[in-house]
Amino acid sequence: MKKNILIMALLVLLPVTVSAQTTYFITGSAVPEGEQPLVEFPDGQYKYAGTLHEGTVQLCTKTGAGTVRLLKPKYEDSYIVNHGIPYTIVSLTDSTAQWVVPFSENRYRFTIDTKARTVTGELFTPWDECFMVGGATECAWETYTFLPFTRDENELCVWTWVGELKYRSEHSEPDKFKIMGQNAWEPKSYHPYTNGEDIRQTTQIRYNNGTDYKWAVKKDGYYSVRIDVFHETCQAQYLGTELPSMPDASTDVQGLTSDAALRVDAGIVTATSSA
């Protein structure tokens with residue numbers, strides 16, 4: 001009897017727990033199609049990366065019960081591009097709870113930090129280069145020898161790297177690696193949200209915030225790593241112990257000239273020739 005009562009109590013409480021999820025979205029004259037969702041990231045962060053038009057934007061939070069509130073900046077007429085402005089939660093009737101977008105642009109990016117209760121925004125500048133480095137790579141941690149990613153032909157902010165990651169006992173931190181925005185240590189880098197994370201499980205990446213977390217190789221072999229530095233996402237695939245679609249040095253590839261190049265497309269390496 002007691003067991004049945006306990007099960008019934010859990011069934012009553014379960015829907016309440018599931019529906020208590022808080023979400024964030026934006027609306028206003030600056031928002032394409034009038035409303036856009038924000039993407040949840042670890043550590044209580046919600047992010048938007050995309051187009052905003054000249055006008056104003058309201059940052060909204062919606063509880064599981066359906067109650068909508070606004071994030072009001074500490075300073076009236078605050079710009080969405082800023083270095084961190086505190087906010088308070090106010091009702092929908094507060095007409096000053098809006099943020100200014102000074103002009104239209106396709107690469108606005110801002111973050112709501114619900115723990116610090118701040119909003120930070122920027123006009124994102126695409127990276128010019130991207131590199132892999134670490135004890136699990138052939139270059140180890142040697143500055144200016146980092147291994148380059150290849151920029152996607154159609155996506156300015158998407159980069160792909162294909163290469164071998166493995167435990168290398170001759171290097172310091174022999175199973176670790178991270179991603180850099182230049183062939184040196186400063187200033188740009190991306191990291192996992194959990195130190196020692198398996199990159200095959202990574203979907204979201206963290207821009208350098210002073211915490212030098214690194215990925216750890218869980219399985220030696222070749223990997224395809226594809227990151228979007230604007231949306232801060234990652235897709236990684238284990239390719240095996242040998243690199244697929246890679247011409248062997250002893251293979252006679254018919255029609256391949258001396259100026260042939262290797263191309264990375266969707267994680268597959270192929271040889272192309274200009275002949």
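1. The lining of the largest pocket draws at least two residues from each of β4 (45-52), β7 (82-90), β9 (105-113), β10 (118-123) and β17 (206-207); strands here are DSSP runs of E with at least two residues, helices are runs of H or I with at least four, and both are numbered from the N terminus. The model is a predicted one, in which local features need pLDDT of at least 70 and side-chain atom pairs count only at pLDDT 80 or more, whereas totals for chains, interfaces and linings use all residues. Residues are numbered from 1 along each chain as its sequence is written, and side-chain values use heavy atoms, with hydrogens and water left out.

2. The volume of the largest pocket is about 440 Å³, a volume being the space filled by probe spheres set on grid points that are joined across faces, edges and corners. On a 1 Å grid over the protein atoms alone, a pocket is an open set of points where a 1.4 Å probe fits, with protein on both sides within 12 Å along at least five of seven lines, and its lining residues have an atom within 4 Å of a point. Of the 18 lining residues, Lys-47, Thr-111, Thr-120, Tyr-207 and Glu-232 lie nearest the centre of the pocket.

3. By class, the lining of the largest pocket comprises nine polar, six charged and three nonpolar residues. In this scheme Ala, Val, Leu, Ile, Met, Phe, Trp, Tyr, Cys and Pro are nonpolar, Asp, Glu, Lys and Arg are charged, and the others, Gly among them, are polar.

4. Of its 275 residues, 41% are buried, where buried means under 20% relative accessible area, exposed over 50% and partly exposed in between, with a 1.4 Å probe and protein chains only. Among contacts (heavy atoms within 4.5 Å) between residues at least 6 apart in sequence, 57% join residues at least 24 apart.

5. Glu-186 and Pro-187 are joined by a cis peptide bond with omega of about 0 degrees, and Pro-187 is placed in the loop between β15 (176-180) and β16 (189-191). Asp-43, which is not a glycine, has a positive phi of about 65 degrees; it lies in the loop between β3 (39-41) and β4 and, at 36% relative accessibility, counts as partly exposed. Glu-173, also not a glycine, has a positive phi of about 45 degrees, lies in the loop between β14 (158-165) and β15, and is partly exposed with a relative accessible area of 39%.

6. Strands β5 (residues 55-62) and β6 (residues 68-73) pair in the antiparallel sense over three bridges, pairing being assigned if DSSP finds at least two bridges between two strands. Cys-60 has Leu-70 in β6 as its bridge partner, and in this hairpin, with five residues between the strands, Gly-66 takes a positive phi near 95 degrees. β6 also pairs with β7 in the antiparallel sense, over four bridges, and there Pro-73 has Tyr-87 in β7 as its bridge partner.

7. An open sheet is formed by four strands in the order β13-β14-β19-β20, with antiparallel pairing. Its edge strands, β13 (150-151) and β20 (233-240), each pair on one side only. Within it, β14 and β19 (residues 221-228) run antiparallel and are joined by eight bridges, and Glu-164 stands opposite Tyr-222 in β19.
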